[in-house]
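Here are my notes for you to read alongside the model. Have the sequence and the 3D view open as you go through them.

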Amino acid sequence: MNTLSRRFVSPLACLLFASAATAADPLPRKHSNIERLSLAHLAAVHVDVEKLKAQRVDIPTRPGVHDYRCILHAHAGDSAHTGGTLPEMLADAKKAGVHAILLTDHYRPPADFIDGRWRGLKDGVLFIPGAEVHGFLAYPTRSILQRMDLKGSDFVHTVTADDGLIFLSHTEERKDHPVVGLTGLEIYNRHWDAKRDPGSIVALGLMLTDPKPLADLEKAVRLYPDEVLASQCDYPDVYLTKWDEGTKQVRLTGVAANDCHHNQVFIVKMVDAETVLLGTNVDADDKMRKLTAGFRPGIKEMTRGRKPGDGLARLDFDPYYRSFRNSATHVLAPKLDEPAIRSALQAGHAYVAHDWMCDATGFRFGAADVKGETTAGMGDEVKLSAGLKLTARLPLPAYVRLLCHGQEVAKSEGKTEFEYAVTQPGAYRLEAWLKLDGEWRPWIFANPVYVR
Ligand SMILES: [Zn+2]
Ligand SMILES: [Zn+2]
């Protein structure tokens with residue numbers, strides 16, 4: 001699959017649209033992450049999610065193609081900071097309607113992240129082993145343990161030999177990394193949402209050590225679990241800018257980094273009447289933060305009638321099934337096996353969706369010729385011709401933005417169908433947004449159609 005041409009296109013092609021909005025100017029936000037965490041806002045979001053669910057219409061997939069919900073960048077039993085296990089992941093994949101998981105073990109030699117790890121169908125869910133290593137999601141087809149010291153393009157070629165896949169990961173840390181030779185890159189990363197929002201972490205720490213806010217938070221996680229986990233979700237501007245720059249040169253498959261570890265189980269443990277430990281399910285006691293009633297007076301009320309060592313609170317934010325609903329990469333492939341999923345990802349036959357907002361399954365984006373016949377889908381190249389149109393079909397009316405090399409070239413609101421007459425070559429990608437609690441939030445990111 002690495003022989004697929006990744007031809008160069010002119011970066012000048014889209015200068016025509018230079019005055020329009022860019023990918024870096026998304027729809028404005030209305031609420032801060034901390035505001036989104038309040039019970040009132042969570043409830044309002046939930047009401048809207050339920051309304052959208054009732055409006056959703058099934059879209060049949062194209063003949064011979066299935067829409068598989070896949071999870072890339074997933075951790076289980078692979079480090080001291082990972083809380084979840086493979087059997088737990090499998091059970092949660094079934095619960096969340098996930099078809100395939102592409103694991104990304106933290107590299108810990110001499111353990112091999114290919115040989116000996118889960119591979120193939122397990123109870124109907126396809127597992128493909130891989131690693132998060134050297135700043136990449138690496139999915140070679142066989143063990144490369146003896147060649148892990150290779151650097152730069154030598155490492156990239158080692159991974160991509162024989163249908164291996166490699167995606168740039170945590171793009172915010174490597175904005176200038178070359179993209180030529182890569183399969184693609186993460187265009188969304190759940191972990192980055194958390195990293196760029198230290199304010200919410202501090203707010204959570206304060207809520208967890210005060211009885212009334214703690215009771216509200218427990219209620220929020222019980223009633224609105226998806227909404228709580230997604231409260232930090234923001235437009236991944238840095239990732240998308242990198243992608244838009246990269247696809248001026250080469251085809252690059254955009255994928256979602258779920259980055260799930262099941263390690264966001266927040267725990268408050270009693271030390272004595274005036275002292276508690278605050279941490280997560282992967283923290284040993286000596287790694288937890290010690291807080292006293294001098295700083296958080298509510299601690300005295302929390303410890304009343306309890307004994308040292310007691311757990312005073314335990315809030316599970318990220319069981320795998322909830323992380324899987326939060327963000328996924330939908331892969332359009334003829335069947336559910338490793339070669340078919342690899343091939344579809346290599347070709348960019350995929351889109352990223354936040355399915356907790358509404359199941360995006362069936363979403364279509366592609367090119368149609370003058371007769372209305374579909375000539376290309378996401379990730380494909382198509383020749384510019386008279387009457388060429390880009391078309392999209394969505395399971396719900398949405399706000400749609402069409403971007404060419406990062407410039408917004410068209411938009412529409414409140415429709416399930418989208419059409420755009422193409423007059424210029426370029427890499428065209430589409431975003432769909434849904435309004436929740438009066439706020440537009442990104443829902444779908446389509447891989448580009450490359451008009452040559
Ligand atoms: Zn990790
Ligand atoms: Zn990771």
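1. Look at how the donor residues of the zinc ion (ligand 1) are spaced along the sequence: H-x24-H-x154-H. The protein donors are His81, His106 and His261, each through NE2, lying 2.1 Å from the zinc ion. Donors here are N, O and S atoms within 2.8 Å of the metal (3.2 Å for Na, K and Ca), and water is not among the atoms, so sites may look incomplete.

2. A quick word on the ground rules. This is a predicted model, where local features need pLDDT of at least 70 and side-chain atom pairs count only at pLDDT 80 or more, while totals for chains, interfaces and linings use all residues. Residues are numbered from 1 along each chain as its sequence is written, chains are lettered from A and ligands numbered from 1 in the order in which they are written, and side-chain values use heavy atoms, with hydrogens and water left out.

3. Back to the metal: the zinc ion (ligand 1) and the zinc ion (ligand 2) are 4.1 Å apart. Histidine 81 sits in the loop between strand S1 (66–74) and helix H3 (86–95), and histidine 261 in the loop between strand S10 (253–260) and strand S11 (265–272), so this pair links distant parts of the chain, 180 residues apart. Helices (H or I, at least four residues) and strands (E, at least two) are DSSP runs, numbered from the N terminus.

4. Now zoom out to the domains. Domain 1 covers 11–196 + 234–263 + 318–451, and domain 2 covers 197–226 + 265–316; these bounds come from an automatic or database domain assignment. Their C-alpha centres lie 34 Å apart.

5. How many residues of domain 1 are in contact with domain 2? There are 22, and they meet 20 residues of domain 2 (contact means heavy atoms within 4.5 Å). About 1700 Å² is buried between the two domains, with 59% from carbon and sulfur atoms; buried area is the accessible area (1.4 Å probe) that two parts lose on being put together, summed over both. Leu37, Leu39 and Arg322 supply 32% of the area that domain 1 buries against domain 2, more than any other three residues.

6. Last, salt bridges (a side-chain nitrogen of Lys or Arg within 4 Å of a carboxyl oxygen of Asp or Glu). The whole structure has 37, and the interface of domain 1 and domain 2 has 1. The side chains of arginine 325 and aspartate 226 also meet in a salt bridge, at 2.8 Å, N to O.
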